[in-house]
Amino acid sequence: MSIDSLKFGNHPKRHPKLFWGALLGVGGFLYLKVWLPVTNIAIPCVFHEVTGLYCPGCGITRAALSLLRLDFVQAFRYNPLVFILLPLYVIYFIAKKKQMRLVSNGIMTIMLILTLAFGLLRNIPMFDWLAPTEIRS
């Protein structure tokens with residue numbers, strides 16, 4: 001192992017996905033923990049602003065903030081779809097890596113159907129409990 005391989009400058013070239021993923025993670029953390037509390041300027045949901053309806057992603061920023069406070073129950077109330085899609089995405093990623101095309105396509109189809117159904121159901125009054133809500137204590 002040479003001295004040059006230990007320099008920080010070589011790591012992004014060797015592992016660009018890890019570098020950009022870490023950079024994105026740090027940027028997201030700074031956005032949630034520094035920018036939002038200081039400025040109170042969040043990214044609005046354009047779909048909700050225009051239609052008044054909740055999209056499948058409404059509540060994800062608030063859910064992420066709750067997760068950073070380790071408040072899993074409140075995060076689930078803001079957007080339960082995240083907790084359903086995350087394990088499915090892990091299965092999809094593994095199946096894709098192992099070139100299990102039928103399984104990965106099936107999981108992707110299930111994730112798409114769940115996302116569309118969730119987006120529709122959370123706007124029907126009978127399923128209003130799926131809308132992003134804050135738990136009052």
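Does Q74 count as buried or exposed? At 6% relative accessibility, Q74 counts as buried. Here buried means under 20% relative accessible area, exposed means over 50%, and partly exposed lies in between (1.4 Å probe, protein chains only). The model is predicted: local features need pLDDT of at least 70, side-chain atom pairs count only at pLDDT 80 or more, and totals for chains, interfaces and linings use all residues. Residues are numbered from 1 along each chain as its sequence is written, and side-chain values use heavy atoms, with hydrogens and water left out.

**Overall make-up**

- The protein chain has seven helices and zero strands. Helices (H or I, at least four residues) and strands (E, at least two) are DSSP runs, numbered from the N terminus.
- From the N terminus on, the order of elements is α-α-α-α-α-α-α.
- The protein chain has 137 residues, and buried residues make up 20% of them.
- Take the contacts between residues at least 6 apart in sequence: 48% of them join residues at least 24 apart. Contact means heavy atoms within 4.5 Å.

**Helices α6 and α7**

- Helix α6 covers residues 81–97, and helix α7 covers residues 101–121. Their axes come within 8 Å and cross at roughly 165°.
- That angle makes α6 roughly antiparallel to α7. Angles under 35 degrees count as roughly parallel, over 145 as roughly antiparallel, 65 to 115 as roughly perpendicular and the rest as oblique.
- Axes are lines fitted to C-alpha atoms, for helices over the stretch in contact, and the angles run from 0 to 180 degrees between N-to-C directions.
- The crossing of α6 past α7 is left-handed. A crossing is left-handed if the near helix is turned anticlockwise from the far one by less than a right angle, and right-handed if clockwise.
- On the α6 side, the contact residues are L81, I84, L85, L88, Y89, I91, Y92, A95 and K96. On the α7 side, they are V103, S104, I107, M108, I110, M111, L114, T115 and F118.
- By class, the residues of this α6 and α7 contact are 15 nonpolar, two polar and one charged. Ala, Val, Leu, Ile, Met, Phe, Trp, Tyr, Cys and Pro count as nonpolar, Asp, Glu, Lys and Arg as charged, and the others, Gly among them, as polar.

**Helices α2 and α4**

- The axes of helix α2 (residues 16–39) and α4 come within 10 Å and cross at roughly 90°. The two helices are therefore roughly perpendicular to each other.
- F29, Y31, L32, K33 and L36 in α2 meet T61, A64, L65 and L68 in α4.
- This contact of α2 with α4 has seven nonpolar, one polar and one charged residues.

**Aromatic pairs**

- The structure holds three aromatic pairs. Rings of Phe, Tyr and Trp (its six-membered ring) pair if their centres lie within 6.5 Å; planes under 30 degrees apart count as stacked, over 60 as edge-to-face and the rest as tilted.
- One of the pairs joins F19 and W20: the ring centres are 5.1 Å apart and the planes are at 75°, so the pair is edge-to-face.
- F19 is partly exposed at 27% relative accessibility, while W20 is exposed, with a relative accessible area of 54%.
- Y89 and Y92 form a tilted pair, at 5.8 Å centre to centre and 40° between the planes.
- Both Y89 and Y92 lie in helix α6, three residues apart, about one turn of the helix.
- Y89 is partly exposed, with a relative accessible area of 42%, whereas Y92 is buried at 14%.

**Two buried residues in touch**

- S66 lies in helix α4 (residues 60–68). S66 is buried, with a relative accessible area of 0%.
- Leaving aside neighbours within four places in sequence, S66 is in contact with D71, Q74, A75 and Y78.
- Q74 lies in helix α5. Leaving aside neighbours within four places in sequence, Q74 is in contact with S66, T133, E134 and I135.

**Positive phi in loops**

- L70 is found in the loop between α4 and α5 (72–78). Phi of L70 is near 60°, a positive value in a residue other than glycine.
- L70 is exposed, with a relative accessible area of 62%.
- Q99 sits in the loop between α6 and α7. Q99 is not a glycine, yet its phi is positive, at about 55°.
- Q99 is exposed, with a relative accessible area of 69%.
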